[in-house]
Amino acid sequence: TTTPGWNRGRLTGASASVLDALASALCLGDDERSYLYKLTNKKVTPRTGPAERVRPQTQLLLDNLVNTPAMVLGRCLDVLAWNSLAAALFIDFGQVPRQHRNFMRLLFLDAEVRGRYVEWRSMARICVAFFRMAVVERPADPRLAEVVGDLSVHDADFRTWWAERNVDYRTFGTKSL
C-alpha cells in the first residue's frame with residue numbers, strides 16, 4: 001500500500017496554497033521551492049512579497065572585503081548590496097534610485113558602467129543570454145518584465161540580442177575592466 005498523499009515518492013494532493021505556506025514556513029529559497037513544486041507535479045506559482053534584502057552579516061562581509069570589489073545581485077539582477085570598492089569601480093550605487101539599481105539596466109543604459117568594460121559587446125551579449133534564463137525560470141515575475149521592457153525601449157543592442165533568444169547560464173568568467 002501507499003501512504004495517503006504519496007505516490008511513488010511524489011507528494012500528491014497538496015494545493016498550491018499549502019505548498020506556498022510550507023515553502024514560507026521552511027524559508028525555502030527559489031530552487032528549493034521549485035523542487036517542492038516539481039515533487040507535486042504542480043506548476044510553480046510566481047512569488048510575490050517583500051523586496052529582496054541582504055542580511056546585515058552579508059553587508060558586514062562585503063565591507064570587510066577591503067581589497068576586492070564585491071556586490072550582491074538579486075534574482076532579477078538588482079544590486080542589493082555592495083562594498084566601497086565596487087562603488088568606486090562601477091558607480092556609486094547609493095546615488096542610483098532603487099528602481100534603477102539593476103545590473104542589466106546599468107550595463108546597458110548608464111554610460112559610466114558601460115564604459116568600464118573593455119569588451120562590452122561580448123560581455124553584454126552573455127548577460128542578455130543569462131537574463132533570458134531568469135525570465136524562463138520566472139516568466140510571470142513583474143520585475144523581470146519591467147527590466148526587459150525598459151531595456152527593449154531604450155537600447156537597440158539589448159532589443160536585437162533579446163530577439164535572438166539565446167540562453168546561457170554562465171556564472172563565472174573573466175571580464176576586463
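## Basis and contacts

A contact is defined by heavy atoms within 4.5 Å. Among the contacts in the chain with a separation of 6 or more, 48% are accounted for by residues 24 or more positions apart.

The model is predicted: local features need pLDDT of at least 70, side-chain atom pairs count only at pLDDT 80 or more, and totals for chains, interfaces and linings use all residues. Residues are numbered from 1 along each chain as its sequence is written, and side-chain values use heavy atoms, with hydrogens and water left out.

## Secondary structure and surface

The chain contains nine helices and four strands, taken as DSSP runs numbered from the N terminus (helices: H or I, at least four residues; strands: E, at least two). Their order along the sequence is β-β-α-α-α-β-β-α-α-α-α-α-α.

Of the 177 residues, 34% count as buried (under 20% relative accessible area, 1.4 Å probe, protein chains only). The accessible surface of the chain is about 11300 Å², and carbon and sulfur atoms contribute 55% of that area; the Shrake-Rupley method with a 1.4 Å probe is used.

## Packing of α7 and α9

Helix α7 (residues 120-137) and helix α9 (residues 156-163) have axes that come within 10 Å and cross at roughly 55°. Axes are lines fitted to C-alpha atoms over the stretch in contact, with angles from 0 to 180 degrees between N-to-C directions. α7 is therefore oblique to α9, a class left over once angles under 35 degrees (roughly parallel), over 145 (roughly antiparallel) and 65 to 115 (roughly perpendicular) are set aside.

On the α7 side, the contact is made by W120, R121, A124, R125, V128, F131, R132 and V135, and on the α9 side by D157, F158, W161 and W162. These contact residues comprise eight nonpolar, no polar and four charged (nonpolar: Ala, Val, Leu, Ile, Met, Phe, Trp, Tyr, Cys and Pro; charged: Asp, Glu, Lys and Arg; polar: the others, Gly among them).

Note on methods
Buried < 20%, exposed > 50% of the residue type's maximum accessible area, 1.4 Å probe, protein only.
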